[in-house]
Amino acid sequence: TIEVLVAASRQWMALAKIAFGDRFIRDHAVEWARLWQIIATGMSPEYMASNLSPSLEELVAPFGEKSPYLPKPHERQIITLTLNEKINQPNNMILLRFQSSAPVEMKAGHFVKLRLELPNGSKPSRFYSVASCPHPVNGTAETLEFLVKKVKGGRASPYLVDEIALNTTCELVTVAGGFVLPEPADGTRRLMVSAGVGIVAFMSAIRFVVSLVENGLVKERITLALIHSERQPSFPFLDELLAVSRKFSDHELFSFDLTLCFTGKKVNTEALAQLGEGSVISGRVGQELLSKVLNKFTEPGELPIYACGPRGFQKLVRETFLKSMGHKRSLIHLEFFDL
């Protein structure tokens, strides 16, 4: 029942404080509370609409001062997303751009839970990383962009890739995630490692930092490095990443280091040669490459690592950093998805 979930929400936050101790700061509490909302909504779709359910601010209040990035209690209305653009992408993917019925408060790096309505009348919920970024000043977004890969035998992805029509609507249930950039982003250092559709988890952060720099909102240099693995040199966001790499390879306020790895048995060498930007490698991500990119940073042993991709890929990255390179476990962050 709703009453049971409301009581459990307080216990959820209290247990997190016990488990993490002094490390459980305000920002962590915000993300932990968002995760609870996802879990509770999965148990009872009416949870978020109930007047009994505590707001994010109420759940997080014991853990520090009020955050300007939290939704206000009166803003817990249902947000509808309307599809206004479909762009076909390589590798059975499609880029979907939705217009929201109200500004969505989010941070660069968040994912969302969407409730869809399929032609057969079913209403499955799915999680998608947001590729678009919030406004650099007010932290809201009115256009949300998602990359969807078609999965054989899937319920939602074949519909989204092949059938969904423009002006179709879906419901935005919640926003959450642990890959967010800090507020403010000044001085952020981060190594990001992705494969396949996992690239989406980092596009919002990259776009957000570019927006901050172009609007004169960065005071201390931000340093990001991305290693991305694909089978062939044709994938979503490739041109955009190359453009950012050219413009910000050694910018005063933003350094962006791009490494692309192509693992196909017969890599298109002509397409590979045409890239001609940054580091392009024919082969898999491994210890030698990870160590090479890591050591471009000052104090590499203190660098946060973020990885997103298929589970096998993430296991490889995690084990390489932990066992082969001796990186601190607390600095390695993974975001899983199941295709």
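The protein chain has nine helices and twelve strands, where helices (H or I, at least four residues) and strands (E, at least two) are DSSP runs, numbered from the N terminus. The model is a predicted one, in which local features need pLDDT of at least 70 and side-chain atom pairs count only at pLDDT 80 or more, while totals for chains, interfaces and linings use all residues. Residues are numbered from 1 along each chain as its sequence is written, and side-chain values use heavy atoms, with hydrogens and water left out.

Of the 339 residues of the protein chain, 51% count as buried; buried means under 20% relative accessible area, exposed over 50%, and partly exposed in between, with a 1.4 Å probe and protein chains only. Among contacts (heavy atoms within 4.5 Å) between residues at least 6 apart in sequence, 71% join residues at least 24 apart.

**Aromatic rings**

A pair of aromatic rings is described by the distance of the centres and the angle of the planes. Rings of Phe, Tyr and Trp (its six-membered ring) pair if their centres lie within 6.5 Å, and planes under 30 degrees apart count as stacked, over 60 as edge-to-face and the rest as tilted.

| Pair | Centre distance | Plane angle and class |
|---|---|---|
| Tryptophan 12 and tryptophan 36 | 5.5 Å | 40°, tilted |
| Phenylalanine 254 and phenylalanine 256 | 6.2 Å | 40°, tilted |

Because tryptophan 12 lies in helix α1 (residues 2-20) and tryptophan 36 in helix α2 (residues 26-43), their pair ties together parts that are 24 residues apart in sequence. Tryptophan 36 is buried, with a relative accessible area of 5%, and Trp12, Trp32 and Trp36 form one aromatic cluster. In the other pair of the table, phenylalanine 254 is buried at 0% relative accessibility, and phenylalanine 256 is buried with a relative accessible area of 1%.

**The enclosed space**

On a 1 Å grid over the protein atoms alone, a cavity is a set of points where a 1.4 Å probe fits but cannot get out, and lining residues have an atom within 4 Å of a point. The count comes to one cavity of 30 Å³ or more, and about 40 Å³ of space lies in the largest cavity. Its lining consists of Leu96, Phe98, Leu114, Leu116, Tyr128, Phe146, Val148 and Leu160, with β2 (93-105) and β5 (140-149) each supplying at least two of the lining residues.

Notes: 1 Å grid on protein atoms, 1.4 Å probe; cavity = no way out; pocket = protein on both sides within 12 Å on 5 of 7 lines; lining within 4 Å. Points joined across faces, edges and corners; volume = space filled by probe spheres on them.
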